[in-house]
Amino acid sequence: MTTAPRLVVGAAVLDSLVQPRSLLCARRSAPESLAGLWEFPGGKVEPGEHPEAALHRELREELGISVHLGGEVLSSAPHGWVLHEKATMRVWLAEVSDGAPQPLEDHDELRWVPLEEGALHALPWIPADFPIVDAVLRRATAS
């Protein structure tokens with residue numbers, strides 16, 4: 001019997017959903033194996049929780065913000081972006097609607113990074129997030 005992978009949700013928080021120029025990136029402070037690497041803020045979906053509701057909850061807990069969600073950044077995999085053999089992630093574009101992002105939990109730094117050639121790729125991302133970074137760039141810069 002196989003079990004479905006654990007679902008994680010993440011937000012590609014842009015400075016604007018209409019005319020995005022930068023992406024909010026979060027640097028992990030824990031666990032030790034991921035500390036210092038950059039990621040999309042978010043977290044695990046709890047049993048019975050809707051993915052979008054989980055994302056709103058996680059962003060309030062981790063960054064102290066509320067967001068307007070845009071479209072989902074779709075993966076070719078059926079359950080979302082594969083993080084490893086036991087977890088997949090669904091990612092949505094988002095824009096801050098209330099609050100100022102602060103590294104409250106799980107992160108030691110937040111940075112608005114321009115959506116310019118090479119700027120996002122200059123950060124040391126969690127390896128599984130690289131294909132998501134590329135997909136977010138394609139979505140955010142499509143006119």
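Biologist: Which residues of H1 are buried?

Modeller: In this predicted model, the buried residues of H1 are Pro51, Ala54, Leu55, Arg57, Glu58, Leu59, Glu62 and Leu63, and the word is applied because a residue counts as buried when its relative accessible area is under 20%.

Biologist: What do the buried residues of H1 pack against?

Modeller: Their packing partners are strands, namely E1 (6–14), E2, E4 (42–44), E5 (66–73), E7 (87–98) and E8, where contact is taken as heavy atoms within 4.5 Å.

Biologist: How do you know that the span of H1 is close to the expected one?

Modeller: Helix H1, residues 51–63, has 13 residues, and the expected span is 1.5 Å times one less than the number of residues; the expected value is 18 Å, and the helix reaches 18 Å from its first C-alpha to its last. After H1 comes Gly64, with a positive phi near 70°.

Biologist: Why is the pair Asp15 and Arg21 called a salt bridge?

Modeller: The closest N and O atoms of Asp15 and Arg21 are 3.3 Å apart, and the cut-off between a side-chain nitrogen of Lys or Arg and a carboxyl oxygen of Asp or Glu is 4 Å, so the pair qualifies.

Biologist: Why is Arg21 called exposed, and why is Asp15 called partly exposed?

Modeller: Arg21 has a relative accessible area of 57%, and exposed means over 50%, so Arg21 is exposed. Asp15 has 26%, which lies between the limits of 20% and 50%, and is therefore partly exposed.

Biologist: What makes Arg27 and Asp108 a salt bridge, and which parts of the chain does the pair tie together?

Modeller: Their side chains meet at 2.8 Å, N to O, and this is within the 4 Å limit, so the pair is a salt bridge. Arg27 lies in strand E2 (residues 22–28) and Asp108 in strand E8 (residues 107–114), so the pair ties together parts that are 81 residues apart in sequence. Arg27, at 23% relative accessibility, and Asp108, at 44%, both count as partly exposed.

Biologist: How do you know that Glu109 also forms a salt bridge with Arg27?

Modeller: The N to O distance between the side chains of Glu109 and Arg27 is 3.3 Å, again within 4 Å. This pair links Glu109 in strand E8 with Arg27 in strand E2, 82 residues apart.

Biologist: Which residues are linked in a network of salt bridges, and how many salt bridges does the whole structure have?

Modeller: The network links Arg27, Asp108, Glu109 and Arg111, and a search of the whole structure finds nine salt bridges.

Methods. Residues are numbered from 1 along each chain as its sequence is written. This is a predicted model: local features need pLDDT of at least 70, side-chain atom pairs count only at pLDDT 80 or more; totals for chains, interfaces and linings use all residues. Side-chain values use heavy atoms; hydrogens and water are left out. Buried means under 20% relative accessible area, exposed over 50%, partly exposed in between (1.4 Å probe, protein chains only). Helices (H or I, at least four residues) and strands (E, at least two) are DSSP runs, numbered from the N terminus.
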